[in-house]
Amino acid sequence: MEVSGTDKKSIFLKKPKLMYIGVYRHSSGGWMNKLHCHDFCEIMLVKSGSGKFRVDDETFPFKTGDMIVCNPRVMHNEFFDDDVTADIMFLGIARVLVEGCPSGSLVQDAPFRIVNTGAFYDRIMGYCDQLLWENELKPAYFSVISDSLLTILVSFVLRLTSRQADEIFESKRTYTEVKDFLDKNFTTIDTIDNVCRSLYINKYYLTHLFKDTLGIPPLKYLIKKRISLAKKLLAETDEPIGDVAKACGYVDVAYFCRVFKNVEGVTPLAYRRLNCGNAPENPSERKD
């Protein structure tokens with residue numbers, strides 16, 4: 001089977017080089033800087049706030065969660081909305097040579113792109129924070145780790161700015177819709193099949209989408225939500241185990257205890273004793 005160009009390991013014809021990384025905080029409105037350009041690519045990740053990105057004489061809005069990717073030698077600057085504190089992560093990346101893109105560029109068919117990172121935000125921000133930490137503290141092997149982190153970040157940029165981005169975000173919108181539904185209804189959902197029927201989603205597609213995004217299928221996510229609530233109720237209340245089970249969506253108390261022990265390694269009552277030393281013991285629950 002032929003591998004598409006975007007999946008080839010040789011897509012990076014040169015190893016990208018980090019020129020700088022940092023976080024800029026802007027506490028009042030107005031232009032942050034004068035029109036300027038760089039001889040390398042610049043990536044801006046909007047951690048908070050909103051404003052406009054100007055290229056030549058045109059302005060384009062940005063908001064929290066957006067990523068601005070600017071090719072070399074593009075005149076630009078940023079404007080921040082009044083009374084809004086803005087935090088933006090800046091990265092300068094040189095020695096960019098990516099298959100399918102003009103030499104030195106990350107955006108293939110435009111001088112810049114503004115894309116929302118959506119469901120990828122936490123992952124991308126995590127990589128950025130780690131890259132910043134590595135370059136500020138310079139612990140052992142920081143250069144090796146930094147190179148790997150930078151390659152991952154550039155790969156995310158290519159993913160989000162590619163022609164396949166619309167398809168990617170459509171799937172992420174579906175994931176977000178289902179996750180919101182699970183978060184709001186996890187104590188009353190009978191089966192994942194019913195979720196799929198309610199939201200008109202194929203079960204196989206949903207399972208694949210969740211495993212790609214969270215690393216676990218939707219059923220395990222549902223169980224995780226329920227057990228998290230159970231742990232909170234067990235540690236913070238003296239409700240009987242049966243009432244805790246029902247509050248978390250389990251009618252069968254014995255089944256709830258088996259699921260809880262499978263996830264946490266201890267029974268619900270043992271968990272309560274470990275996390276609430278003076279919790280009253282219900283004689284009927286001694287078998288738990």
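In this predicted model, helix α6 and helix α8 (residues 253-264) pack at an angle of about 95 degrees, and their axes lie 11 Å apart. Angles of 65 to 115 degrees count as roughly perpendicular. That makes α6 roughly perpendicular to α8. Which residues make the contact? On α6 they are I223, I227, A230, K231 and L234. On α8 they are F256, V259, F260, V263 and E264. By class, this contact has eight nonpolar residues, no polar ones and two charged ones.

From α6 come K231, L233, L234 and A235. They meet P268, Y271, R272 and N275 of α9. The contact of α6 with α9 divides into five nonpolar, one polar and two charged residues. K231 and L234 of α6 are named in the contact with α8, and K231 and L234 are also named in the contact with α9.

**The pair α1 and α2**

How do α1 and α2 pack? Their angle is about 150 degrees, and their axes are 9 Å apart. Angles over 145 degrees count as roughly antiparallel. So α1 and α2 are roughly antiparallel to each other. Their crossing is left-handed. On the α1 side, the contact is made by R123, I124, Y127, C128, Q130, L131, E134 and N135. On the α2 side, it is made by F142, I145, S146, L149, L150, I152, L153, F156 and L160. Twelve of these contact residues are nonpolar, three are polar and two are charged.

| Helix pair | Angle | Axis distance |
|---|---|---|
| α6 and α8 | about 95 degrees | 11 Å |
| α1 and α2 | about 150 degrees | 9 Å |

Rolling a probe the size of a water molecule over the atoms shows where empty space is left. How many cavities of 30 Å³ or more does the structure hold? There is one. The largest cavity has about 50 Å³ of space. Its lining consists of I43, M67, L91, I124, C128, L153 and V157. Helix α1 (121-137) and helix α2 (142-161) each supply at least two residues of this lining. Is the lining nonpolar or charged? By class, it has seven nonpolar residues, no polar ones and no charged ones.

I124, C128 and L153 line the largest cavity. I124 and C128 of α1 and L153 of α2 are also among the residues of the contact between these helices.

Conventions: Residues numbered from 1 in each chain as written. Predicted model: local features only at pLDDT ≥ 70, side-chain atom pairs only at ≥ 80, totals over all residues. Heavy atoms only, no water. 1 Å grid on protein atoms, 1.4 Å probe; cavity = no way out; pocket = protein on both sides within 12 Å on 5 of 7 lines; lining within 4 Å. Points joined across faces, edges and corners; volume = space filled by probe spheres on them. Helix = DSSP H or I, 4+ residues; strand = E, 2+ residues; numbered from the N terminus. Nonpolar A, V, L, I, M, F, W, Y, C, P; charged D, E, K, R; others polar. Axes fitted to C-alpha atoms, helices over the stretch in contact; angles between N-to-C directions. Parallel < 35°, antiparallel > 145°, perpendicular 65-115°, else oblique. Left-handed = near helix turned anticlockwise from the far one by under 90°. Contact = heavy atoms within 4.5 Å.
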